[in-house]
Amino acid sequence: MSLPGPAHWALFAALAAFVALDSGPWLLAMAARPLPAAALLGLVWGNPAGGALTGAALELVYAGVLPVGASRYPDAGTAGLVAAGVSLWATAETGGPALPLAIALGLLAGHAGRGVETWRRLLNAAWVARARAAAEAGDPWAIARANVRALAFAALLGAGSATGLLALALVAAAPVVDAWPQLAGARPPLVLFAALGCAAALRLWGGWRVRAWLAVAVAAGAGATGLLTGLRP
């Protein structure tokens, strides 16, 4: 199995920095939505149709999630980038679609990105307070320095966190990709497992009871798939 090359990682990190800046502190061109983010990754990775397909599917999940005020919401841009990265890589490895797996891992990355964004906002608040105090004390460049530092930090944090989440997602996806030839032979249980996986992914923001029951269902589907695959002659 081959992982994305250095050029792929560099392009991913640069795009993640742009998406992080677009998601809040600068530009606000809606490039941080799943569809444009995933389509842009597909474009720079050489498969724009595959990236757009993944982004379109994930956009349906995030259709009602809008960056309004200071509300906390999953990081849709990071979710789109990670989902597209997993989908493009897994599709190239298996020769078949990997959309359910990519969407599930992308949604998990989006929830992790929400924690990263919350931490960034807390740091920004502290920097703004210090810059305001310095400006009131007579420093004319305090606010400008704070703005530049906040933008640079947002870009670096977005690039680093999204790249790290993609690496973790690829590690999590690797066993499924390795087992794909065996899983592809058990089509009926595989279809059930994929459907359960999609259902779990689409309800990740539900209550913990919903997520727990869906996790049990997905585990049962995975176990049935492995058992039936092993019993095949």
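Where in the protein is confidence lowest, and where is it highest?

**Figure 1. The whole predicted model, viewed by confidence.** Welcome to a predicted model. Confidence is lowest in helix H8 (residues 187–202), with a mean of 55, and highest in H2, with a mean of 94. For the protein, the mean pLDDT is 79, and 69% of the residues reach 70 or more. Where pLDDT is low, the predicted coordinates should not be read in detail. Please keep that in mind when you look at helix H8, with its mean of 55.

**Figure 2. The overall fold, built from helices.** The protein has 9 helices and 0 strands. Of the 233 residues in the protein, 39% are buried. The protein exposes about 12,000 Å², and carbon and sulfur atoms supply 73% of that area. Now take the contacts between residues at least 6 apart in sequence: 71% of them join residues at least 24 apart.

Figure 3. Gly24 counts as partly exposed because its relative accessibility is 34%. Look along the chain to Glu117, which is 93 residues away from Gly24 in sequence; the C-alpha atoms of these two residues are separated by 9.7 Å. Met30 also belongs to the loop between H1 and H2. Most residues other than glycine have a negative phi. Met30, although not a glycine, has a positive phi of about 65 degrees. With a relative accessible area of 46%, Met30 is partly exposed.

**Figure 4. Helix H3 and its buried residues.** Helix H3 covers residues 48–61, 14 residues in total. From its first C-alpha to its last, H3 reaches 20 Å, close to the 20 Å expected at 1.5 Å a residue. Which residues of H3 are buried? They are Gly50, Gly51, Thr54, Gly55, Ala57, Leu58, Glu59 and Val61. As you trace the helix, here is a handy guide: an α-helix has 3.6 residues a turn, so residues three or four places apart point the same way.

**Figure 5. An aromatic pair between Phe12 and Trp45.** A pair of aromatic rings is described by the distance of the centres and the angle of the planes. The count of aromatic pairs here comes to 3. One of them joins Phe12 and Trp45 in a tilted arrangement, 6.4 Å centre to centre with 45 degrees between the planes. This pair links distant parts of the chain, with Phe12 in helix H1 and Trp45 in the loop between H2 and H3, 33 residues apart. Are Phe12 and Trp45 buried or exposed? Both are buried.

**Figure 6. Aromatic rings on H5 and H6.** Trp119 and Phe153 form an edge-to-face pair, with 5.8 Å between centres and 65 degrees between the planes. The pair links distant parts of the chain: Trp119 sits in helix H5 (residues 99–136) and Phe153 in helix H6 (residues 142–178), 34 residues apart. Trp119 counts as partly exposed because its relative accessibility is 44%. Together with Trp127, the residues Trp119 and Phe153 form one aromatic cluster. Take a look at Arg149 as well: its charged end sits over the ring of Trp127, 4.6 Å from the ring's centre.

Definitions and conventions: Residues are numbered from 1 along each chain as its sequence is written. This is a predicted model: local features need pLDDT of at least 70, side-chain atom pairs count only at pLDDT 80 or more; totals for chains, interfaces and linings use all residues. Side-chain values use heavy atoms; hydrogens and water are left out. Buried means under 20% relative accessible area, exposed over 50%, partly exposed in between (1.4 Å probe, protein chains only). Helices (H or I, at least four residues) and strands (E, at least two) are DSSP runs, numbered from the N terminus. The expected span of a helix is 1.5 Å times one less than its number of residues. Contact means heavy atoms within 4.5 Å. Accessible areas come from the Shrake-Rupley method with a 1.4 Å probe; for residues, only the protein chains shown count as cover. Rings of Phe, Tyr and Trp (its six-membered ring) pair if their centres lie within 6.5 Å; planes under 30 degrees apart count as stacked, over 60 as edge-to-face and the rest as tilted. A charge sits over a ring if NZ of Lys or CZ of Arg is within 6 Å of the ring centre and within 35 degrees of the ring normal. pLDDT is the predictor's confidence in each residue, from 0 to 100.
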